[in-house]
Amino acid sequence: MTLTELKYIVAVARERHFGRAAEACFVSQPTLSVAIRKLEDELGVVLFERGGTEVGITPIGLRVVAQAQRVLEESANLREIARQGHDPLAGPLRVGIIYTIGPYLLPKLVPTQIEATPQMPLLLQENYTARLLELLRQGEIDCAIVALPLPDSGLMVQPLYDEPFLVAIPKHHPWADRKEIDSAELKDETMLLLGSGHCFRDQVLEVCPELSRFSAASEGIQRTFEGSSLETIRHMVAAGIGVTVLPASSLSMPGVQNKLLSFIPFKKPVPDRRVVLVWRKSFPRPTAIEALIDAVHACELEGVNYLDHAPAGELMPG
């Protein structure tokens, strides 16, 4: 029995699919399947029900997976304790961050963190929310900066800030002189959206649900285009291809394209997102988490509403 095998069964239990679990663990599906079968043979029990479109978990499998998760967390804690010794601020802090926050927060967060705690460099990883949560559960990262809502529970969560959404349009768009825009008006525009997998895309579709009926498989491609990043989309808007929705913190990003854009607030109620820091309850360096929270609050991102540093709570199922 190895920690790697335990990571595999936890991933399968989360994904309910061997292929997706293998992808999350960066291994081939045969490698993962053979390792899990080997573990089942060693334990003398069947952990997963195979054969359907979705992998089921046997009753004993549920207990084994729960224990495997605890073992993975404790093994990560052992490494942290050994590495940090008596100073919880000594040594790197492994921080995950989603793609739609990283470009705007990190340019201010990194120098702020270096000045406040130079002995604690940040090891950074950008990814999708689902992947960051998987890495967090496996002990591969220590904490993650993401946006609510989250499809998870049992993690500690500290709200960091709320940020409103804005409409970005080309300078010569007919809306350029508007003071505010109703979200319903977006359905009449050519919209530029992030691709599937980005939680910000889902949040924009909540703002204007009419857009969700358009897809590349239909004539709707004339109405919506997808970009790989918010910065790519910002360039496309500057080129006059369409309009988009951006988080307020994106205004902190310098660039020539901003001179070609206008940013207009939404009418009330203004759509927004809550950015939070999440970490495992068992993480042994709470002082490091506190230092990171303080550094985020010191960044003074444009347009965001920083939240009071109240005691962190456990993330409950939503």
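## The second largest pocket

Helices α6 and α7 (199–207) each supply at least two residues of the lining of the second largest pocket. Helices (H or I, at least four residues) and strands (E, at least two) are DSSP runs, numbered from the N terminus. A pocket is defined on a 1 Å grid over the protein atoms alone, as an open set of points where a 1.4 Å probe fits, with protein on both sides within 12 Å along at least five of seven lines; lining residues have an atom within 4 Å of a point.

The volume of this second largest pocket is about 190 Å³, a volume being the space filled by probe spheres set on the points, with grid points joined across faces, edges and corners. Among its lining residues are Tyr128, Thr129, Ala130, Pro149, His198, Cys199 and Asp202. By class, seven lining residues of the second largest pocket are nonpolar, four polar and one charged. Here Ala, Val, Leu, Ile, Met, Phe, Trp, Tyr, Cys and Pro count as nonpolar, Asp, Glu, Lys and Arg as charged, and the others, Gly among them, as polar.

## Basis of the model

The model is predicted: local features need pLDDT of at least 70, and side-chain atom pairs count only at pLDDT 80 or more, whereas totals for chains, interfaces and linings use all residues. Residues are numbered from 1 along each chain as its sequence is written, and side-chain values use heavy atoms, with hydrogens and water left out.

## The largest pocket

The largest pocket holds about 380 Å³ of space. Its lining consists of 14 residues, of which Glu15, Ala24, Ala130, Arg131 and Glu134 lie nearest the centre. Two or more lining residues come from each of α1 (3–15), α2 (18–24) and α6 (129–137).

Helix α6 gives the largest share of this lining, five residues. The lining of the largest pocket has six nonpolar and eight charged residues, with no polar ones.

## Packing of α1 with α3

Helix α1 packs against helix α3 (residues 29–43) at an angle of about 105°, with the axes 9 Å apart. Axes are lines fitted to C-alpha atoms, for helices over the stretch in contact, and angles run from 0 to 180 degrees between N-to-C directions. The angle therefore makes α1 roughly perpendicular to α3, a term for angles of 65 to 115 degrees.

In this contact (heavy atoms within 4.5 Å), Glu5, Leu6, Tyr8, Ile9 and Val12 of α1 meet Thr31, Leu32, Ala35, Ile36, Lys38, Leu39 and Glu42 of α3. These contact residues comprise eight nonpolar, one polar and three charged.

## Packing of α5 with α9

The axes of α5 (residues 102–116) and α9 (residues 286–297) come within 9 Å, crossing at roughly 120°. That angle makes α5 oblique to α9; angles under 35 degrees count as roughly parallel, over 145 as roughly antiparallel, 65 to 115 as roughly perpendicular and the rest as oblique.

From α5, Leu105, Leu109, Thr112 and Gln113 meet Ala291, Leu292, Ala295 and Val296 of α9. Six of the residues in this contact are nonpolar and two are polar, with no charged ones.

## Backbone features

Leucine 148 and proline 149 are joined by a cis peptide bond, with omega about 0°. Proline 149 sits in the loop between β5 (143–147) and β6 (155–170). A cis peptide bond also joins lysine 268 and proline 269, with omega about 0°, and proline 269 is in the loop between β10 (261–265) and β11 (272–280).

Arginine 16, although not a glycine, has a positive phi of about 55°. This arginine 16 belongs to the loop between α1 and α2.
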